[in-house]
Amino acid sequence: MTRAVISAVVRPAASVGVLLLVYYRLPMDQPEDGYTVLRLVSALLLVLVVFWWQVRMIGRSAHPGWQGVQALALVVPLFLLVFAQACFLLARHHPGSFTVPLSRTDALYFVVTVFATVGFGDIAPVSTAARVLVTVQMIADLLVVGVALKVILAAVRRRSG
């Protein structure tokens, strides 16, 4: 295998591993306050900044296709973990927001089933706040799948062409 291929496999795996480690180790015992929504918006802005940075990296890469793979492998898990954290905190601060109490793993599982449009039905939003959060995630999912993928592929094509 070439160095670029190895890098394209190892970096995304390491990135996902680090993101999961941060998600599971991040202290989430802060009280709910007026800044809860601001923190979610800030985290989503961070995802946008990482996305923008990754698109710029594709433009500078000698291997834009592999860089595109790395971009998706970083942006999508980061995006999902932001919503998993939001669901976990909502369930923690407002018990009954979902059909079952959510652990961090349950929240991540739920967010991935929504992203994948599988929706097994074992966990569902019950409260208005939970339904709003999940609706925002579903709309953002469409943007990530549609717009982000299109932008990354266009950057790869531009750089490759």
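The largest cavity is lined by Gln30, Pro31, Glu32, Thr36, Arg39, Leu89 and His93. A cavity here is a set of points, on a 1 Å grid over the protein atoms alone, where a 1.4 Å probe fits but cannot get out, and lining residues have an atom within 4 Å of a point. Two or more lining residues come from each of α2 and α3; helices are DSSP runs of H or I, at least four residues, numbered from the N terminus. By type, the lining has 2 nonpolar, 3 polar and 2 charged residues. The space inside is about 30 Å³, a volume being the space filled by probe spheres set on the points.

A word on the source. This is a predicted model, where local features need pLDDT of at least 70, side-chain atom pairs count only at pLDDT 80 or more, and totals for chains, interfaces and linings use all residues. Residues are numbered from 1 along each chain as its sequence is written, and side-chain values use heavy atoms, with hydrogens and water left out.

Of the 30 residues in α3, 23 are buried, meaning under 20% relative accessible area with a 1.4 Å probe, protein chains only.

Leaving out residues up to four places away in sequence, Tyr23 touches Met28, Leu81, Ala84, Gln85, Phe88, Arg104, Ala107 and Leu108, with contact meaning heavy atoms within 4.5 Å.

Key: Buried < 20%, exposed > 50% of the residue type's maximum accessible area, 1.4 Å probe, protein only. 1 Å grid on protein atoms, 1.4 Å probe; cavity = no way out; pocket = protein on both sides within 12 Å on 5 of 7 lines; lining within 4 Å. Nonpolar A, V, L, I, M, F, W, Y, C, P; charged D, E, K, R; others polar.
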